[in-house]
Amino acid sequence: MAQTQQQAPVAGRAPAPDGEKPRNMYVVLLALMIAIMLSMLDNMIVGTAMPTIVGELGGMEHLSWVVTSYTLATAASTPIWGKLGDMYGRKGMFLTSIVVFLIGSALSGMAQDMGQLIGFRAVQGLGAGGLMVGVMAIIGELVPPRERGKYQGLLAAVMAVAMVGGPLAGGAITDHLGWRWSFYLNLPLGAVAFFAVSAVLHLPKKRAEGRIDFLGAALLTVGITAIVLVTTWGGTEYAWSSPMIMELIALGVTALVGFVFVQKRTVQPIIPLHLFRNRNFALMSVISFVTGFVMFGAVLFLPLFQQSVQGASATNSGLLLLPLLSGMLVVSLIAGRVTTKTGRYRVFPMAGGALLIAGSLLLAQMDTGTSRLTASLYMAVLGAGLGALTQITMLVAQNSVEMKDMGVASSTATLTRTLGSSFGVALMGVLFNDRVEQVMTDRAGAVGGKVTEQSAQLDAASLAKLPDVAREAYQHAVSSGTHAAFLLGAAVSVVVLVASFFVKEVPLRGSAPGQQPSGEAAGGAAG
């Protein structure tokens, strides 16, 4: 088996009592928070600016690819960045990912047509794949698991702020500075993160024996790309039973089977399969997938319900998600603090699974008569469930592996959440669209069919112009579709609750008084 240089104590990871971390640690943490903000904000801001971008560059028929190219590149590159960090050093790979992201941002801002923008967004996505996994892996190397919860809780807070602030910032930037500044503003923020990490973060350089598994990387990239395209195109660009979707499914399955075959025989696998023999690591991968499934489904369909049924504007619907994100933020911070103080974490996946089920079932009860206050309370319950899971899954996954596999553990947790979000949006979308079409046909007949065809453009102002019969039918249809989508979310959330009962509460490394951070995986989790 290939060996890498053993980790040495680094700035911010001295075995000092809590609260005595070197000040450098807080500078590094600020830089990492900026990086997380960049990776989370970008799609949120660009989504708001898209109408203006299309108005200037044209290419309406390729609009979805501006987001899809970024998502594909991010998902496909995430595990590769994680492995490269394990092999050649996390600091160098993280700085490289910042540079790639900033190059993609600058080029996107200078794009002259839609084709260029799509290509440059893919470059940006390649860098974004390294930002998220780099942040989590660096935290994993700097901070013992016992103390890691509170830092990851802060990162979760930044993610929640980005999800609310992104659409607002995108609208303000587009209106006052122009859409190109949606990309250019990444440059000074990224530069601050780059120079802060360069100057303050000190990690040992590593050089692994063996070469990067290029064949495995290629197969995994093809498999992930096919999966994301199936979930993106299925039911929208192409029917689920169309030859294109069937071919993509076959390609994805073949590539992933080939990937598993290659990983068993290579010296430096992209994702070492033996990690999944560890019970906690495997369970956290499953829980991360379901967390992404429910979270991004909620973020997509709740604003649609608020705009179509409750009459909120596009801007206000983002603000109306505050109860969801506030619940997520508060519980994530509490979970981090409690884990740091007690060293116990098993209760949080259990509580998170129960709250996900409860929140999804409550949201499934919403109809045309549900008040905004009631909807806010329901969202807060779901947000609390997400907060109990978002960072704890990363913490337990990292605690289940050796230090040399920290990047792989971080990238796997990130990748499974990304794939979960793709499946969540796709499958919840299938149920939603089916119910909308059925209810519209039942309530409004031929008029309903015409409204359904343009439902993607129906905001509160457009709805107000419709005949009363069509408007009421559409509101009932969206309510019914939301009901179906969240029922599916509740059913999938049962997996989290069941899986949580099989989690072993392995002591967090560094949890005993005076215990030094170790590079060895916690024992007893396998089985």
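Mentor: A residue counts as buried when its relative accessible area is under 20%, as exposed when that area is over 50%, and as partly exposed in between (1.4 Å probe, protein chains only). The model is predicted, so local features need pLDDT of at least 70 and side-chain atom pairs count only at pLDDT 80 or more, while totals for chains, interfaces and linings use all residues. Residues are numbered from 1 along each chain as its sequence is written, and side-chain values use heavy atoms, with hydrogens and water left out.

First, the setting. Of the 527 residues in the protein chain, 56% are buried. The chain has 17 helices and zero strands; these are DSSP runs numbered from the N terminus, with at least four residues (H or I) for a helix and at least two (E) for a strand. The chain exposes about 20,800 Å², of which carbon and sulfur atoms supply 66%; accessible areas come from the Shrake-Rupley method with a 1.4 Å probe, and for residues only the protein chains shown count as cover. A contact means heavy atoms within 4.5 Å. Among contacts in the chain with a separation of 6 or more, 83% join residues 24 or more positions apart.

The part I would look at is where helix α4 (residues 114-142) meets helix α14 (residues 372-399): their axes come within 11 Å and cross at roughly 55°. Axes are lines fitted to C-alpha atoms, for helices over the stretch in contact, and angles run from 0 to 180 degrees between N-to-C directions. Under 35 degrees is roughly parallel, over 145 roughly antiparallel, 65 to 115 roughly perpendicular, and the rest oblique; α4 and α14 are therefore oblique to each other. Their crossing is right-handed, a crossing being right-handed if the near helix is turned clockwise from the far one by less than a right angle, and left-handed if anticlockwise.

On the α4 side the contact uses Met 136, Ala 137 and Gly 140, and on the α14 side Gln 391, Met 394 and Gln 398. By class these are three nonpolar, three polar and no charged residues. Here Ala, Val, Leu, Ile, Met, Phe, Trp, Tyr, Cys and Pro count as nonpolar, Asp, Glu, Lys and Arg as charged, and the others, Gly among them, as polar.

Leaving out residues up to four places away in sequence, Ala 413 touches Ser 288 and Met 394. At a relative accessible area of 4%, Ala 413 is buried.

With the same exclusion of residues up to four places away in sequence, Thr 414 touches Thr 78, Met 132 and Met 394. Thr 414 counts as buried, at 13% relative accessibility.

For reference, here is another helix pair. Helix α3 (residues 90-109) and helix α7 (residues 186-200) pack at an angle of about 165°, with their axes 10 Å apart. They are therefore roughly antiparallel, and their crossing is left-handed.
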